[in-house]
Amino acid sequence: MHDAMPSSTGLSGHALHKWLTGRWIFQLIREGALLHKRYFEQLPDAFEQGITFSAGTGFLTLKECVQPANAGDENEAPENGNDTSNADPLAKSPPEPPIEEEQRFCYRRLFLSPLNQLLLLNTYQRIGRIWPRTASKIIVPVEQCLMFYLNQIAANKTPASFSALLSMAKTAAALEMMPLLTHYASKTDIALSLRPSTWQRLLHRNVLAATAMESAGDEVYLDFQTPTLARTTASDQLKQLRQLQRCFSASLVGQTGRREAIANIDAFLAVSNNNDVMVTLLAKWCQKLMQKGGRVKSRLAARSAATYLSIIARPLVAHSQAFGDVSSASANEWEALYENVLNSIKPNGDRAKTQNRLCDFHHFLVDTQAAPPIDLENTSGVKQRVDVNIITPAEFRRALALIDASQQPERFRTMQKLALILGYRLGIRRSECAGLMLKDVPYLFDHDAQDGEVIIRSNEYRQGKSYSATRRLPLWLLMPEERKQLIDWVKRRQGEITTKQIQKQLLFCRGGNGRLLLEDKALFHPIQTALKTVSGDHSLRYHHLRHSFVTFILLRLLERVPGELLPRTWLTDDHRTIAMPNADADISALAGLAPQDRPSRKRLWQLALWAGHASPEETLSSYTHLLDWVLGQALRERFNPTLSIDQQFVLLNLQTKTALSSWRNRRKLKGQTQASELLQYLTDDWKKYLTKDPLDDEWQPYQAPTENPLDNPMEAAFDWPEATTIYQSLRLVEQQEQRNVPLDDAIWQTARRFVLDPEQLSLWLENGEVLMQRKTRRTNQQFSREDNRYDRSRRVASKNIYQPELERCMAPPIKPPVLREAGQFFHRLLDWHQSQPTVAEESLITLRNHMQRSTGQLALPDAEAINCVRELLRPLRCFQHVYLVVEVEATAKEKSIKQHWSKATGIPHKRIDLIPTPSPSGRTRHWYGNANLKITRGHYSEFQQPLWEAVRFAAFMAMLVLGLGDDSTSS
């Protein structure tokens, strides 16, 4: 009866309004386009919003608010009802930008079949773009409109309930439509649609004009400035936390209040020496929320930042007392800490809200402290918040070009491009990319053009989320064009290794640091900056490369012929070149599956296998965002009937059949006509019912930025190689010398392998030899270990010893965290030398003249020398990490001596210790004794002194490259 297009004769007013909307709703159900009650609740708003046309079809946009308006930045009502009409205009929050507003919603794009579009247009023309309402202006429920229509056309055959009708429609759709699409239409919270701005980026390759990348994000960047590990208790830190919370006064409102709160936190951090790591990080996080915002808001109000803090701060501080060192904590340790915080929530607490704030806090740590990324959002028992976004093929190519054109060192550019390619082409997780090892890229040297794969598996750097995370990804199928770039990088990395442990080396690392993970600042942060720049979307993250991989590969697997679901315009870059691999091939057949024209569930399982999921359920629910388009294409094909003259008369809203004949004659239509053909002549009729894009005036074609945001994102001294690269190059020269290779040949071969300047390498060899031969006045070695000197040649030549002492270089620290910090210190010292060469050289030379390899202290002659060496600790953010151990006579007055040294050096009394002089006479040259400087984060009596090891090696390498080994360089 419905398919015969019954007329609404005899109905008018409210009844006609309900009948027309009921007819359109029934057609949606009849087609299987919408089969879940929750989406029908969103239908009235979508109906009144209007229709959008793009990619040759029309759609409505259903949306559900997941975060209330201004939830993160609201202005509370004034106390005592005081009038605020004359308040400072700065106190009012600015209107929410459309790009931020859309991030508060989940979307479902409802693509309409040709027949459904005709029904919708007919409804709009007859009753306008207004959903039926009661006399009190309340929206009539969808179910009521539907049942009214069904009662009018089939009073005796009406289904028992709305749910029963949906159940029958699902069964009918399953017989005619792909089961995947039936499942999609009948479920919520799976395969969420792209946000409107992302959809526009995909269709038109434009960017938002008003979203230039901001460069002020480093205001709160801690840059490995680990706060003092104070020996405090949980109660002490909770007291400090309360002081932090007092920085947010109840009177802080708007822009003025935001500035005051930031200033209060600065004062809190400046005057307090009792903050533990977590309290300091929480304070910096609050500053970042107010300055740069979180994952939704661009900037938060002071009250909102205080609310975020109150949700997680207390349990986080309490549980962090047994956490350990922030800089070396693993992903598993972070997850365990957050799980303890979540488990401490009372039964009536909001676990989801706490988890979301923990996610925000950890994103801050990833960006500022190089903390390992974790998957907290997948914690069981909490509703997952899917971050819907993709990178288009054009944006992928733009990001590669932006990285390549930057002024970063060549090594970092190469690694960033490869990490971007692996994320986009293979869909690997951020932690999986960072933890890839050379052994995970096997078979690359075989001559078979179709060989090569990347193996994702657990190793010492990361643990897989589950057994399904272990997988093999075929390079010849998923990234054939970029495969050679990966091969060349693996060959280069293998050439850098001077030991037998080739297979245990990381794929991405600093030169000579093959066992240390590369920090996010050097690898992932530039990639994300590039993605944000080329798209205009500041919410993009590395993880969205994985969403893009799953989204596009699924459409490729579902296509019956190439290009059926992925239009060519979506796959091209700005130069109209195809930017996707195997675009004209049947990738199902290439993957060993059934050909494209045969249905097979194995395609979904293959996609889940490539994504590292145990089943297609998680893949489809969270990572693919174009199933709405696939369903729309299926409906477009199935519900494009040939319409009779009577059906056309009902749909075209003409008064008489004579008018219909005239309309058809003017368009040269004869006999029965397909619905899609009729729509071609109704383009102008839609103009009154089109939805307005709030960002319509802000789109513009992409233009490469005049100033590359990736230029010099790191310290200027990053133009120097890594300290460990220099060490490894010196070691390789000495290894070749042991095999009787002439020195000049050894230098040339080593320089080529490590991409160094041979003359510079030769100079380093000379400087290192001078430094290693230095001795103290008592003929003790300053930089060499006495017990290693006579066995040095054997150790250097051996490939089984990790990092031994060389003839021309001291041995680096063994522990990875210490070696990582030494590398940071090395570059900071070079930065310091570049800005203040005279002061830097004086401090380094003073340190050199009083260093002794066998001891962990510096015996300095006077306060001037102590202050000179301490200047070196200032750029290392270690200025306060010292003790002064003073050798005194037995009759010395402790208070007077401490006052003398404290006044002369600025070191507080509590960090000055007095000990009896070891002199046989029991006398000292001066009444205030002889001072020894101890550089340490803990107590100088502890056996392990990682800070001193890092400072010593960094200072040695800085002196080596600056040529400060000879006494002729002394002041």
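The model is predicted. It holds 26 aromatic pairs and zero disulfides.

**Aromatic pairs and cluster**

- A pair of aromatic rings is described by the distance of the centres and the angle of the planes.
- Among the 26 aromatic pairs, phenylalanine 26 and tyrosine 149 form one that is tilted, with 6.3 Å centre to centre and 45° between the planes.
- Phenylalanine 26 belongs to helix α1 (residues 13-31) and tyrosine 149 to helix α6 (residues 142-153), so this pair ties together parts that are 123 residues apart in sequence.
- Both partners are buried: the relative accessible area is 15% for phenylalanine 26 and 0% for tyrosine 149.
- The pair of phenylalanine 105 and tyrosine 107 is also tilted, because the ring centres are 6.3 Å apart and the planes stand at 50°.
- Phenylalanine 105 and tyrosine 107 are both buried.
- One aromatic cluster is formed by Trp24, Phe47, Tyr124, Trp131 and Tyr689.

**Charges over rings**

- Arginine 357 lies over the face of tyrosine 308, and its distance from the ring centre is 4.1 Å.

**The three-stranded sheet**

- The sheet is open, has the strand order β1-β2-β3 and shows antiparallel pairing.
- Strands β1 (52-54) and β3 (105-111) are at the edges with a single partner strand each, so one side of each has no neighbour in the sheet.
- On average, and with direction ignored, neighbouring strands of this sheet are turned by 40° against each other.
- Seven bridges connect β2 (residues 57-65) with β3 in the antiparallel sense.

**Cysteines**

- A disulfide is a covalent bond between the sulfur atoms of two cysteines.
- The structure holds zero disulfides.
- For cysteine 106, which is in no disulfide, the nearest cysteine sulfur is that of cysteine 65, 9.1 Å away.
- Cysteine 878 is buried, with a relative accessible area of 0%.

**Helix α21**

- The twelve residues of helix α21 (residues 524-535) should span 16 Å at 1.5 Å a residue, and the end C-alpha atoms are 17 Å apart, which agrees.
- Ten of the twelve residues of α21 are buried, so the helix is mostly covered.
- The buried residues of α21 include Phe524, Pro526, Ile527, Leu531 and Val534, together with Gln528, Thr529, Ala530, Thr533 and Ser535.

**Helix α31**

- Helix α31 (residues 723-738) has 16 residues and reaches 23 Å from its first C-alpha to its last, close to the expected 22 Å at 1.5 Å a residue.
- α31 is mostly covered, with 14 of its 16 residues buried.
- Asparagine 740 follows α31 and has a positive phi near 65°.

Definitions and conventions. Residues are numbered from 1 along each chain as its sequence is written. This is a predicted model: local features need pLDDT of at least 70, side-chain atom pairs count only at pLDDT 80 or more; totals for chains, interfaces and linings use all residues. Side-chain values use heavy atoms; hydrogens and water are left out. Rings of Phe, Tyr and Trp (its six-membered ring) pair if their centres lie within 6.5 Å; planes under 30 degrees apart count as stacked, over 60 as edge-to-face and the rest as tilted. Helices (H or I, at least four residues) and strands (E, at least two) are DSSP runs, numbered from the N terminus. Buried means under 20% relative accessible area, exposed over 50%, partly exposed in between (1.4 Å probe, protein chains only). A charge sits over a ring if NZ of Lys or CZ of Arg is within 6 Å of the ring centre and within 35 degrees of the ring normal. Two strands pair if DSSP finds at least two bridges between them. Axes are lines fitted to C-alpha atoms, for helices over the stretch in contact, and angles run from 0 to 180 degrees between N-to-C directions. A disulfide is a pair of cysteine sulfur atoms within 2.5 Å. The expected span of a helix is 1.5 Å times one less than its number of residues.
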